[in-house]
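Here's a quick briefing on how two chains come together. Have a look at the model first, then read on.

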2 protein chains.
Amino acid sequence: MTQDDKTRIQVKIYNQTYTIIGQESAAHVRLVSGLVDQKMRDIKENNEHLDTSRLAVLTAVNVMNDYIKLQEDYEMLQRRLQEKEEK
Amino acid sequence: MTQDDKTRIQVKIYNQTYTIIGQESAAHVRLVSGLVDQKMRDIKENNEHLDTSRLAVLTAVNVMNDYIKLQEDYEMLQRRLQEKEEK
C-alpha cells in the first residue's frame with residue numbers, strides 16, 4: 001500500500017488522516033489501519049515521553065518483529081506439510 | 001519489543017538512534033531494524049513530500065498489511081496440514 005495508486009481510502013491513525021491508495025478493499029485497509037492505531041496507543045502507554053515520529057518508528061519495528069516471527073513459523077509449517085506430502 | 005525491558009540494543013533507523021529493549025538477540029533486533037529502515041526509504045522514494053512521522057506511520061501500515069496477509073496464508077497452511085493429519 002502506498003500513497004500513489006488507484007482506489008483511495010481515507011483513514012484516521014493516531015489522530016491524523018491518511019489517504020491509503022492501493023488495490024485492497026476498504027474493509028481490509030480499515031482493519032489494517034485500526035490495528036496500527038491500536039498498536040501505537042499501546043506502545044505510547046508504556047513510553048509516555050515518545051513523540052509521534054519515534055512512536056511510529058517503534059510501532060513499525062514491533063510489527064516487523066511480529067512479521068519475522070510469523071514468517072519463521074510459516075516456513076516451519078511449510079516444511080512439515082512437505083514432509084507429509086512426501087510420505 | 002518496547003523501550004522498557006532488559007537487554008538494550010542501540011540501532012539507527014532513518015538517521016535516528018533508538019534503544020530497543022527486549023528479550024530478542026542483538027542480531028534479530030538489527031535485522032528487524034534494518035528491514036524497517038529499508039522500507040521507510042523505499043516508501044519515501046515514491047512519496048517525497050512525506051515528513052518522517054507520516055512516513056513512519058505509513059511504513060507501519062505497510063508492514064501490518066504484509067503481516068495480515070501472511071497470517072491468512074499461515075492459517076490456510078494450518079488447515080491443509082490438519083486435513084493431512086486427519087487422513
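**How chains A and B meet**

Let's start with one contact: A:Arg80 and B:Glu85 join their side chains in a salt bridge, with N and O 3.2 Å apart. This is a predicted model, so take the distances here as computed from it. Around that pair sits an interface where 47 residues of chain B are in contact with 47 residues of chain A.

**Charged and polar pairs**

- As background, side chains of opposite charge can pair when their charged atoms come close.
- The rule also picks out 10 residue pairs in polar contact across the interface of chain B and chain A, with both residues at pLDDT 80 or more.

**What chain B brings to the interface**

- On the side of chain B that touches chain A, strand S2 (16–22), helix H1 (26–46) and helix H2 (52–86) each supply at least two residues.
- H2(B) gives the largest share of that side, with 27 residues.
- Sorted by class, the side of chain B that touches chain A has 23 nonpolar, 14 polar and 10 charged residues.
- About 4700 Å² is buried between chain B and chain A, and carbon and sulfur atoms give 69% of that area.

**Helix H2 in chain A**

- Over in chain A, helix H2 covers residues 52–86, which is 35 residues.
- From its first C-alpha to its last, H2 of chain A reaches 50 Å, close to the 51 Å expected at 1.5 Å a residue.
- At the start of H2(A), A:Asp51 puts a side-chain oxygen within 3.2 Å of the backbone nitrogen of A:Ser53.

**Symmetry**

- How many degrees of rotation superpose chain B on chain A? The rotation is 180 degrees, with 0.0 Å of shift along its axis and an RMSD of 0.0 Å.
- The two copies are therefore related as by a two-fold rotation axis.
- The copies meet through the same surface, because 100% of the interface residues of chain B are also interface residues in chain A.

Conventions: Residues numbered from 1 in each chain as written. Chains lettered and ligands numbered in written order. Predicted model: local features only at pLDDT ≥ 70, side-chain atom pairs only at ≥ 80, totals over all residues. Heavy atoms only, no water. Contact = heavy atoms within 4.5 Å. Buried area = accessible area lost by both parts, 1.4 Å probe. Salt bridge = Lys/Arg side-chain N within 4 Å of Asp/Glu carboxyl O. Polar contact = N/O pair within 3.5 Å; in protein donor to acceptor, adjacent residues only side chain to side chain. Helix = DSSP H or I, 4+ residues; strand = E, 2+ residues; numbered from the N terminus. Nonpolar A, V, L, I, M, F, W, Y, C, P; charged D, E, K, R; others polar. Expected span 1.5 Å × (residues − 1). Least-squares fit on C-alpha atoms with pLDDT ≥ 70 in both.
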